[in-house]
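Welcome! Please have a look at it before reading on.

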Amino acid sequence: MPQKRKLKYMAKKYDAIVIGAGNAGLCCAATMAKNGFSVLVLERNSVPGGSATSFRRGRFEFEAALHELASVGTKEDPGSVMRLFSYYGIDIDWQYEKNAFRVIADGDGGYDVTMPAGIEDFCREMERSVPGSFESTLAAFKLGAKIGAGFNYLSSGNVDPQVLFSEHADFLRAVSHSVDECLSSLGMPKKAQDIFKTYWPYLGAPTSEIDFAHYMLMVDSYIRKRPAMPHLRSHELSLALEEVIVKLSGEVRYNCPCEKILTKDGKAYGVIAGGEEIYADAVVANCFPDTAYKSLLDPEAVSERALKIAGARKISSLFFSVYLGLNRSAEELGIKDYSVFLFDTPDSGEQYERSASLDTTSMVVANCLNCAVPDSSPEGTSTVFITTMLREEAWGDVRPEDYKKLKNKFAKKLIKLYENKMGISLMPYIEEIAIATPATFARYLGTPCGTPYGYELRGWDTMLCRIMNAKNEQAVENLYFVGAHGERGDGYSTTYANGHSVGEKIAKGVQKNGRS
Ligand SMILES: Cc1cc2nc3c(=O)[nH]c(=O)nc-3n(C[C@H](O)[C@H](O)[C@H](O)COP(=O)(O)OP(=O)(O)OC[C@H]3O[C@@H](n4cnc5c(N)ncnc54)[C@H](O)[C@@H]3O)c2cc1C
């Protein structure tokens, strides 16, 4: 990988500069480039993708982040990700997983179930595991579909209140209620609710506070379209997006952190990077607003209101991941499941509460990529990727002198937990191991506390609140933010969509108002 791409376009003034080549930054840049914009992307790392990347250890190439991608679908029935990639002219070799997940929950009322993808199959399996739950499970998906239609209508930008009230009444009824409230009101039995809430860690907030609407948009996109993975890991996706930008005469500079965003009279007009001033009509930041306000902008450029909003938001979950390269195949080790959630209690609220401490591992997700992509490691080998989610409080008190010991101890705990719960031995077969702590993610991504998830979407700050309030949040004219901290929160499909929609908004604005 060259450290700096060959520059195709040497102008010092661009239509847009994008700070950060994460999912959202790449899509925003690609969309603007497709609209004929001259675009410069600045990335502090040496490869594109941010979280969406892979890394090598010995003979293994590890997927760094992706457990499963939502909203991909098939060529015959494309989801939003496939449609967006088609718009860019990108063709990915997608691999699909037949099951949504296996979940093992310990404790009173615990269970071990494998839920298939596909709505009918999912509901049938729920009925088999929890008799009397078919109708309420199906009702949740039906309500989810209505919510999706309601969101699409709201996002169309052309909202007639009469149509909203008459055609999207169920959307309005459900939209601001939590997952717990809606599932209970649908009469779903407790155990079925617990199973249904398995995906909550993907949104990083408790189901008593996540909007049902938001949760269903995610669950529906996994279960209806089936979880998907690119054949060559996330890096394939990030490289393909980078290629689109470069082919459309955009530039991507690596090892090139943005040091400052330039502003004058309340407007952004460029950046400083690599020691030079570079100018643009629009600046897009794929970093957190907190980070930009504190370290990239002059203090007087940011209003007190913007600082207060950023300060009031709660940093979402942190991750601790262990990547294992094993010198046995998945079959030899007896690994049959691609994705397994391991909970130490069936109660999702309790799982969330316990993730505030390093004493427990209440929520763990483990993946063996070979079960979905058999040739993802050399023949006769396999990889296992174990992740737990931690709240900011859990990691806050770790002292530098304890770091190494704690990191190794915690990684060992996760491996043992997998071995015990799955009845599968991993330790004797470890050929390569890599451990990523919240500090690793913080160093690599530059996000506050290392979260890959943005801010928690809860309380006054749910997805709907953010969408409705978006136009009041722009702190500096011509400066836009994209990423997991945005309106739709974390995840591949959401950050792609977020970057694309901001790219379109900027392109349309410039087409309407003209370039400066
Ligand atoms: C272990 C793990 C597992 C995950 N599993 C899943 C999953 O299964 N499914 C799913 O959908 N999502 C998953 N996610 C979440 C998903 O990866 C993220 O939400 C998403 O990739 C975030 O994208 P982003 O656009 O916010 O950018 P980020 O990935 O945060 O990238 C931002 C980029 O900006 C760059 N940058 C920051 N500041 C500057 C600067 N000043 N100058 C230049 N560059 C800068 C950074 O270097 C980085 O490359 C997972 C994440 C992790 C870490």
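Predicted model: local features only at pLDDT ≥ 70, side-chain atom pairs only at ≥ 80, totals over all residues.

## Before we start

A residue counts as buried when its relative accessible area is under 20%.

## The cysteines

How many disulfides does a search of the whole structure find? The search turns up zero. A disulfide is a covalent bond between the sulfur atoms of two cysteines. Cysteine 256 takes part in no disulfide, and the nearest cysteine sulfur, which belongs to cysteine 258, lies 8.6 Å away. To count as a disulfide, the two sulfur atoms would have to be within 2.5 Å.

Cysteine 368 is in no disulfide either; its nearest cysteine sulfur is that of cysteine 371, at 4.0 Å. Is cysteine 368 buried or exposed? With a relative accessibility of 1%, cysteine 368 is buried.

## Helix 1 and helix 2

Let us turn to the helices. Helix 1 covers residues 23–34 and helix 2 covers residues 80–88; the two pack at an angle of about 45 degrees, and their axes are 10 Å apart. Because of that angle, helix 1 is oblique to helix 2. The crossing of helix 1 past helix 2 is left-handed.

Which residues meet here? From helix 1 come Cys27, Ala30, Thr31 and Lys34, and from helix 2 come Leu84, Tyr87 and Tyr88. Sorted by class, the residues of this contact are five nonpolar, one polar and one charged.

## Helix 1 and helix 10

Helix 1 also packs against helix 10 (residues 233–247), where the axes come within 9 Å and cross at roughly 30 degrees. Angles under 35 degrees count as roughly parallel, so helix 1 and helix 10 are roughly parallel to each other. Their crossing is left-handed.

On the helix 1 side, the contact uses Leu26, Cys27, Ala29 and Ala30, while helix 10 brings Ser238, Leu241, Glu242, Val244 and Ile245. This contact of helix 1 with helix 10 holds seven nonpolar residues, one polar and one charged.

## A threonine in a loop

Our last stop is threonine 198, in the loop between helix 8 (190–196) and helix 9 (212–223). Threonine 198 has 0% relative accessibility and therefore counts as buried.

What does threonine 198 touch, leaving out residues up to four places away in sequence? Its contacts are Phe101, Val103, Tyr215, Phe341 and Phe343.

Note on methods:
Residues numbered from 1 in each chain as written. Heavy atoms only, no water. Axes fitted to C-alpha atoms, helices over the stretch in contact; angles between N-to-C directions. Helix = DSSP H or I, 4+ residues; strand = E, 2+ residues; numbered from the N terminus. Parallel < 35°, antiparallel > 145°, perpendicular 65-115°, else oblique. Left-handed = near helix turned anticlockwise from the far one by under 90°. Contact = heavy atoms within 4.5 Å. Nonpolar A, V, L, I, M, F, W, Y, C, P; charged D, E, K, R; others polar. Buried < 20%, exposed > 50% of the residue type's maximum accessible area, 1.4 Å probe, protein only.
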